[in-house]
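User: I'm new to this one and would like to go through it slowly. Could you show it to me before we start?
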Amino acid sequence: MRMIGAAIAVVGVLAVAAGPAVAQGKPASSAKKFKFKGGKVETGMLYTYIRSDLAGEKTGSVLVYVPDKKRVEILRVNPGQDAGQLLTGEMNWDTYSLGQFELWREGRDGGRQRQATATFSEASLSFRVEDQGLYRGAAGAASFTLPLTQVPAHLYNLDFATLGLALRHLAEPMGSADFGVFAENTGAGPENPNFLVPAGKATVAFLEEVDRDGIPCMKYRVFGPALGDQEGLLWLNTEKGYLQDAEIPVRSSADWPDLKLTLRSAEKLSEGDWPLRRSLEISRSVAAK
């Protein structure tokens, strides 16, 4: 399952696929396989994850904060960096995807710069880049629109955090559902200028109930064209429904060869305390240099 070379090849294919959006009809939808379960959305909850590669050679963090039943904020901190990337957005519980979001670069002093804004419509994702630093020195598009081929749709460069939120609402928890995947374009340039590329469809399917490090979990397999010939695994906390662990052997961004998330804590946090918590997490990374 952990064939990293093949995973990198998959990303090469995705980068070549980048380019002008092609008009398409209404995307395929698996939304009927979901049913919104308000009781599964615990408001004011902060989920903190250790973010590492599968080989365990690199460690960062991902914080997922759920202030209310629609909003979500996701802070990603790479090891040794003095700023994190913060997503602020809203979930669309008709499509079980993000509805709109903003990306920010945030420093440990709380200062931040907006990097991009994005909106999902019924058939497309519209993305506007405000900070060309997203392209890491490459020439990239200031704005672009990508067609949706499958709903729900999730961003793999955000570590499938929103997929973890959506899976709480599977109508049949022991069933399966298809979803569309967008990935970071790690080969951005004049011929492939978009920050994101459509990676295709993936399927998440229940495998078994297991004990994961002492926690009762439901284990799911993730597979399909978006992952090439690779397969990943997700574990959801059986009682609460939140993502407990994830292992996806495909490059998610230029910084990470693959994905491993491990839950560090799940705790109540007020919105007033959330900015300080972000600052502490970024400072913690800087101190680890």
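User: Which residue lies over the face of tryptophan 235, and at what distance from the ring centre?
Analyst: Arginine 212 lies over that face, at 3.7 Å from the ring centre of tryptophan 235. A charge counts as sitting over a ring if NZ of Lys or CZ of Arg is within 6 Å of the ring centre and within 35 degrees of the ring normal. Please keep in mind that this is a predicted model, where local features need pLDDT of at least 70 and side-chain atom pairs count only at pLDDT 80 or more, while totals for chains, interfaces and linings use all residues. Residues are numbered from 1 along each chain as its sequence is written, and side-chain values use heavy atoms, with hydrogens and water left out.

User: Which residue forms a salt bridge with arginine 212?
Analyst: Aspartate 245 does, with the closest N and O atoms 2.7 Å apart; a salt bridge here is a side-chain nitrogen of Lys or Arg within 4 Å of a carboxyl oxygen of Asp or Glu. This pair links distant parts of the chain, since arginine 212 is in strand β13 (residues 196-212) and aspartate 245 is in strand β16 (residues 243-248), 33 residues apart. Helices (H or I, at least four residues) and strands (E, at least two) are DSSP runs, numbered from the N terminus.

User: And is aspartate 245 buried or exposed?
Analyst: Aspartate 245 is buried, with a relative accessible area of 2%. Buried means under 20% relative accessible area, exposed means over 50%, and partly exposed is in between, using a 1.4 Å probe and protein chains only.

User: Where else does an arginine lie over the face of a tryptophan?
Analyst: Arginine 112 lies over the face of tryptophan 104, at 4.5 Å from the ring centre. Arginine 112 also forms a salt bridge with glutamate 106, where the closest N and O atoms are 3.5 Å apart. Arginine 112 is partly exposed at 40% relative accessible area, whereas glutamate 106 counts as buried at 2%.

User: How many salt bridges are there in the whole structure?
Analyst: A search of the whole structure finds 25 of them. One of these joins glutamate 231 and arginine 221, whose closest N and O atoms are 2.8 Å apart. Glutamate 231 lies in the loop between β14 (215-223) and β15 (232-237), and arginine 221 lies in strand β14, so the pair ties together parts that are ten residues apart in sequence. Glutamate 231 is partly exposed at 28% relative accessibility, and arginine 221 is also partly exposed, at 27%. Elsewhere, salt bridges that share partners join Glu73, Glu106, Arg112 and Arg278 into one network.

User: Switching to rings, which residues form an aromatic cluster?
Analyst: Phe101, Phe127, Tyr135, Phe144 and Phe195 form one aromatic cluster, and the structure holds 13 aromatic pairs. Rings of Phe, Tyr and Trp (its six-membered ring) pair if their centres lie within 6.5 Å, with planes under 30 degrees apart counted as stacked, over 60 as edge-to-face and the rest as tilted.

User: Which element gives the most to the lining of the largest cavity?
Analyst: That is α2, with three residues, and β2 (45-52), β3 (59-66) and α2 (161-166) each supply at least two residues of this lining. Among the lining residues of the largest cavity are Tyr47, Val62, Ala161 and Arg168.

User: And how much space lies in the largest pocket?
Analyst: About 370 Å³ lies there, and of the 18 residues that line the largest pocket, the closest to its centre are Asn78, Gln85, Gln115, Arg136 and Asp255. The largest share of this lining, three residues, comes from β5.

Definitions and conventions. On a 1 Å grid over the protein atoms alone, a cavity is a set of points where a 1.4 Å probe fits but cannot get out, and a pocket is an open set with protein on both sides within 12 Å along at least five of seven lines; lining residues have an atom within 4 Å of a point. Grid points are joined across faces, edges and corners, and a volume is the space filled by probe spheres set on the points.
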